[in-house]
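Visitor: I am new to this structure and would like to learn how to read it. Could you take me through some features one by one?

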Amino acid sequence: MSAAQKRIVRRAASARTAIAVLGILAAALAGCTVDTSERSAETTAAPSRPQASSEADAEQQAAGEACASSPERADTGHRDGADGAVYERDDDGLAAVYVLAENDTLSGIADRFCLDLEKLYEIYDPNITLFAGEHIALREEFYADARRASGYIFPACPHDATGYPTVASISWEPVSEDSPMSRANVSGQPADTGSAYGAKGTTRTEADGTLIDYTVAPNDNWRSIRDRFCFDLYYMSSLTGQWADEPPVIHPGDVIPLQPKYLEIDTGSPPTE
């Protein structure tokens, strides 16, 4: 074989070897897919801001943003977990007492009114059962107002060892067996527990602090006045001279004595507390 023929045979063998190697590589890569496309501009862009993982997260984020520029107890609007209504506002227009709606939660209420949840837990146990229609105080100083609005009597007054409120009262005894007139036996003294919803008028006192009288303010009512000064319906009869189920009508500017004024009245049929 000539030298030229030998070179041709060696080249052919090298080609066959290369083809064989390529075949082995192809077999090894069988089933694999290689993406040879250029990286898109979208994948090289800076990562976007993480989005809220759920509707609840988005709502909480929105509440945080609203409260960042709002004072405590500002109403940022209805939401899941706080869909009730504001019952009472303070002199600055901020929510003070809130009426619960179905499915309300303390955390939802805290978010809506920009409250510190831990402070709300100091007023209401986190395990409390909430009922639609109940009233919630958004600050501790409004607790008595919320209790009063929920129907509790004398919420700010002192209580005895059994938990029953101690209030000024009167027992009325007939002057004589056949007389329609009754005489008062007074027990206890009224005590001012402070300005409250429905009882925001002013008082006068003696030098020793004994209450003299109370001047009615707009939107005042007898129920709140009795709660503020801790006296019952029977004691009220000695202030008004009326023995009746329905308290007499009052108007702004009226002056109500806080010490018994009528010690004998025509009792007729007794009122019910």
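Predicted model: local features only at pLDDT ≥ 70, side-chain atom pairs only at ≥ 80, totals over all residues.

Visitor: Which residue forms a salt bridge with R112?

Guide: First the general idea: side chains of opposite charge can pair when their charged atoms come close. Here the partner of R112 is D75, and the closest N and O atoms of the two are 2.8 Å apart. D75 is partly exposed, at a relative accessible area of 32%.

Visitor: How many salt bridges are counted?

Guide: The count is 10 salt bridges. One of them joins the side chains of R148 and D227, at 3.0 Å from N to O.

Visitor: Are R148 and D227 buried or exposed?

Guide: Both R148 and D227 are buried. They also belong to a network of salt bridges, in which D145, R148, R223 and D227 are linked.

Visitor: What do the side chains of R183 and E264 do?

Guide: They meet in a salt bridge, with 3.0 Å from N to O. This pair, too, links distant parts of the chain: R183 is in strand β5 (residues 181–187) and E264 in strand β9 (residues 264–266), 81 residues apart. As for cover, R183 is partly exposed with a relative accessible area of 40%, and E264 is partly exposed with a relative accessible area of 40%.

Visitor: What can I find in the segment after β9?

Guide: T267 is found there. At 11% relative accessibility, T267 counts as buried. Now look for P180: the C-alpha atoms of T267 and P180 are separated by 6.6 Å, although these residues are 87 residues apart along the chain.

Visitor: Let us turn to aromatic rings. How is a pair of them described?

Guide: The description uses the distance of the centres and the angle of the planes. In this structure, a search of the whole model finds seven aromatic pairs. Take Y124 and Y143: their ring centres are 6.1 Å apart and the planes stand at 50 degrees, so the pair is tilted.

Visitor: Which residues form an aromatic cluster?

Guide: W172, Y234 and W243 form one.

Visitor: What about charges on the surface?

Guide: Look for D116, E118, E122 and E140, which gather in a surface patch of negative charge. One of them, E122, lies in helix α5 (residues 117–123). E122 counts as exposed, at 65% relative accessibility.

Visitor: My last topic is the backbone. Which residue has a phi near 75 degrees?

Guide: That is R73, which has this positive value although R73 is a residue other than glycine. R73 is in the loop between α3 and β1, and with a relative accessible area of 3% R73 is buried. A second case is N103, which is not a glycine and has a positive phi of about 70 degrees. N103 lies in the loop between β2 (95–99) and α4.

Visitor: Is N103 buried or exposed?

Guide: N103 counts as exposed, at 68% relative accessibility, because exposed means over 50%.

Notes
Residues numbered from 1 in each chain as written. Heavy atoms only, no water. Patch = residues over 30% accessible without salt bridge, like charges linked within 9 Å, V, L, I, M, F, W, Y side chains within 5 Å. Areas by Shrake-Rupley, 256 points an atom, 1.4 Å probe, with all protein chains shown as cover. Salt bridge = Lys/Arg side-chain N within 4 Å of Asp/Glu carboxyl O. Lys, Arg positive; Asp, Glu negative; His and termini not counted. Charge placed at Lys NZ, Arg CZ, Asp CG, Glu CD. Helix = DSSP H or I, 4+ residues; strand = E, 2+ residues; numbered from the N terminus. Buried < 20%, exposed > 50% of the residue type's maximum accessible area, 1.4 Å probe, protein only. Phe/Tyr/Trp six-rings, centres within 6.5 Å; stacked < 30°, edge-to-face > 60°.
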